Amino acid sequence: MARSRTRKRVCKFVVAGLFVLLVLAGLFVGRKVQAQKCTDQESRETLRKLCEDYAKRKVTGKLCPDLCTAHSVIYRECLNYKKGKKVMLADWNSRKVILKSKYGLLQEYDSIVSKYVNDNGIMSTSKPDMANFLMMMKSQLRTMFEVEMPDVAAEEFVHKMWQMPWKNNAAMNVATMESLWALLQQDEYLMMQYFQGNKHLPKIYGSCGHFYVMEYAPTGNILDPQFFNFKTANKQIGSTTDWDKRANVALNFLTFLEDLDTFYSEPLHMCDVKQDNYGVTADMTIQAIDVDMAFFESKMQGILGQENCTKDRDCNFFDCTSSCDLPHKRCSKHRTNSNLQVICEKIFLGFNGLPFGGLLRSPP
């Protein structure tokens, strides 16, 4: 009896010790993550500099007046890590929106204006004429997609990529060219703006300089439950209603995956799959809210087939995998897994079936 009691006490101490270690580890990780997060001070300073550039007529955009003059775009919080793209939550006309830019400052993008020393030894600047600028815009789009783009009129093309008024053959000032060129250097903006109207991509409401303002489609607790929200997690385990909602979202993911194959003239490959990169709208439509790592088939083959290898693992490009041609020590250009496989593994299953894990966790 005494030994049995001693063992029980030891077990209780061990369990308690493990729990304390788990909590301490969680706090340590939480602090490390928090240290890498952006700060409100940094984000407000970034927007202040953007509005300063607007006041000096260095940048322009449809929503610059709302952000910098009328102040109807109201900053709320930053959502990015310090080394990542700039992502901010804001209110605009009683709706939540997201402000995004690959870099915080306009100067971090390649300028459309070239500098040179003239015959008098004075530093001068020169911007391209409209014909050359349009060619540069189309070239940027072809480089991004690497698929055949329809040959459309210049005015239609500019209107598709830029939400400011522009008449065919009208000259653009430096602020307009710089703002538009900075936007076109962002793969995510190119994808979202070119395919505006697709239900699986957020709406872009406009831009100011190198920042664009897009629809807020939160991941939410259905897709990404909080890790340490045990109270909510426990309720969800036995909740048929919660399961029905999650199953419905999973079905909509299958619709999303099916649409990726008919998205354009070539299938679209998603190579960075995690809960944070997808949003769920009010009608349960799945939206890809981070498409920096989305590639059409032709570009996907070019990425996968350019590496040397000695084993299959050398040919993995984030979530998109390929195989190694051992005799030639070259990666195959053909993808060996699919969007569906990755979504199943990283979204549906999640963290090995734990209550705070994947979308299809704890079925009734």
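Start with the cover over helix α2. Contact here means heavy atoms within 4.5 Å. What covers the buried residues of α2 includes α3 (64-69), β1 (73-78), β2 (86-92), β3 (95-101), β6 (204-208) and β7 (211-215). Helices (H or I, at least four residues) and strands (E, at least two) are DSSP runs, numbered from the N terminus.

This is a predicted model: local features need pLDDT of at least 70, side-chain atom pairs count only at pLDDT 80 or more, and totals for chains, interfaces and linings use all residues. Residues are numbered from 1 along each chain as its sequence is written, and side-chain values use heavy atoms, with hydrogens and water left out.

**Stop 1: helix α2**

Select residues 40-55. Helix α2 has 16 residues and reaches 22 Å from its first C-alpha to its last. That is close to the expected 22 Å, which is 1.5 Å times one less than the number of residues. Now show the side chains of S43, T46, L47, L50, C51 and D53, the buried residues of α2. They cover an arc of only 155° around the axis, so they sit on the same side of α2. The arc is that of the directions from the helix axis to the C-beta atoms. Buried means under 20% relative accessible area, exposed over 50%, partly exposed in between (1.4 Å probe, protein chains only).

Look at the face of α2 turned away from the buried side. Q41 and A55 are the exposed residues there. Then step past the end of the helix to R57, whose phi is positive, near 60°.

**Stop 2: salt bridges**

Which residue pairs with E52 in a salt bridge? Select K56: the closest N and O atoms of the pair are 3.8 Å apart. A salt bridge is a side-chain nitrogen of Lys or Arg within 4 Å of a carboxyl oxygen of Asp or Glu. E52 is partly exposed, at 32% relative accessibility. The structure holds 11 salt bridges.

Next, select K85 and D292. Their closest N and O atoms are 2.4 Å apart, in another salt bridge. K85 lies in the loop between β1 and β2, and D292 in the loop between β10 (286-288) and β11 (294-296), so the pair ties together parts that are 207 residues apart in sequence. K85 counts as buried at 18% relative accessibility, while D292 is partly exposed at 27%.

Move on to K311 and D314. This salt bridge has its closest N and O atoms 3.2 Å apart. Salt bridges that share partners also join K85, K100, E188, D290 and D292 into one network.

**Stop 3: S179**

Select S179 in helix α6 (residues 174-184). Is S179 buried or exposed? It is buried, with a relative accessible area of 0%. Leaving aside neighbours within four places in sequence, S179 is in contact with V59, T60, W162 and G209. Draw a C-alpha distance from S179 to S207: it reads 8.8 Å, for residues 28 apart along the chain.

**Stop 4: N339**

Go to N339 in helix α12 (residues 339-349). N339 is buried, with a relative accessible area of 10%. Beyond its neighbours within four places in sequence, N339 is in contact with L257, L260, L268, H269 and M270.

**Last stop: the whole chain**

Zoom out. The chain has 12 helices and 13 strands. Of its 364 residues, 41% count as buried. Residues 24 or more positions apart account for 61% of the contacts in the chain with a separation of 6 or more.
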